[in-house]
Amino acid sequence: MSKQIYLLVGLLLGLLSACQFWSETQSPSDEVISNHANTPEAILAALEVLPEVSTQIISEEENLSSLQLLPSWTPNGPTVTPFPTSTPYNTPEPSPTLRLMPTADITYDLQSEHFWLARPFLNNSGIQTSVNAYAYGTTTFGYQPHHGVDIENPIGTNVRAVAHGRVFYAGDDLNDAIFGPQANFYGNLVVIEHEVELPDSGKPFTFYTLYGHLSQFFVREGMEVEQFDEIGAVGQEGVAIGPHLHLEVRIGDPYDYGATYNPNLWLQPYLGFGVLAGRVLYRDGGYVPDVEIEVRTPNSGRVLKTTLTYHYDLVNKDPYFLENFVVPDLQAGNYEVVVKYQGRAYTQPVEILPGRVTMVNQVVN
Ligand SMILES: [Zn+2]
């Protein structure tokens, strides 16, 4: 094991003692009965699945464990001006009768940060807020776990290819549950196949982006497209409330609804902005589903963004980050991350770096 993993293990073992101390001395009535193993062996076993990343201890106060990815490479895509602060809204898909799809347990050779995708809208083409309320993997409002991200724009706004690639599909899904869990799920959609060279190994790596609920599409299967080419227009076809683009990233089988990953770990942050990703874990390293997360300003405590952790294993974790929540579009700076679990609030400080993913872990009991 590497030095970093030892550090992480030490930190987690320390944390374990801290958790026990807290629950024994401060609030026995709050003690949560957990059936999860919490032996050091179980923790070590759980940690085997975590990627080796550089760690930086931010603070040892309270029940926290935190690691932060250190800069290793710089995204080389176009820079985009940050959008103005916008009013939160949501345009989630309503809950159809879905087959719940367990996701494949596949390891992909993706060993670094991968902000390879541009935003699918140009600066001057209307509103471009990222929906915060119905985030990837969440069941906000009781909807089915979301397999993509929703970006609002008026009907007819041009949708751009997020990277160079080849059109794999352009059409509707009216008669067939291709790509989605039911017929007429995406309405009109475009799927683009992308191939990149992995920055570490130089190996080719294929993935797909899917653009759903389009009012029309401008490309044909087999066409080569460049980043920012107009491929279609925003609509609300299929299972959608209000006009928005539903954007997905898939690895593996492009037809597999269970092959999606969180696009916010692929879309380049706006200039001066970064992304928060994290894991909320039981003591044995198991992931905790459906937990409320808040990002607050450090002093005023103002809640800036909220999300939930992923709903069980019904969506995939990123092959590199192995997260179960992501909060995109945070201006670089200091924040507090608050994890609310069974009547307790676990708070830890976090620094968001521009153009980077900052990773936090929170163990709850
Ligand atoms: Zn959506």
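1. Let's start with Arg-296, which is partly exposed, with a relative accessibility of 22%. For orientation, buried means under 20% relative accessible area, exposed means over 50%, and partly exposed is in between (1.4 Å probe, protein chains only).

2. A word on where this comes from: the model is predicted, local features need pLDDT of at least 70, side-chain atom pairs count only at pLDDT 80 or more, and totals for chains, interfaces and linings use all residues. Residues are numbered from 1 along each chain as its sequence is written, and side-chain values use heavy atoms, leaving out hydrogens and water.

3. Back to Arg-296: its side chain meets that of Glu-294 in a salt bridge, 2.8 Å from N to O. The term stands for a side-chain nitrogen of Lys or Arg within 4 Å of a carboxyl oxygen of Asp or Glu. Glu-294 is buried, at 7% relative accessible area. Lys-340 joins in too, as a network of salt bridges links it with Glu-294 and Arg-296.

4. How many salt bridges does the rule give? The count is eight.

5. Have a look at Arg-119 and Asp-329 as well, a salt bridge whose closest N and O atoms are 2.8 Å apart. This pair ties together distant parts of the chain, 210 residues apart: Arg-119 sits in the loop between β1 (65-66) and β2 (149-152), and Asp-329 in strand β15 (residues 325-331). Strands here are DSSP runs (E, at least two residues), numbered from the N terminus. Both Arg-119 and Asp-329 are buried.

6. Finally, Lys-317 and Asp-313 form a salt bridge, with 2.9 Å between the closest N and O atoms. Lys-317 is buried at 17% relative accessibility, whereas Asp-313 is partly exposed at 48%.

Key. Helix = DSSP H or I, 4+ residues; strand = E, 2+ residues; numbered from the N terminus.
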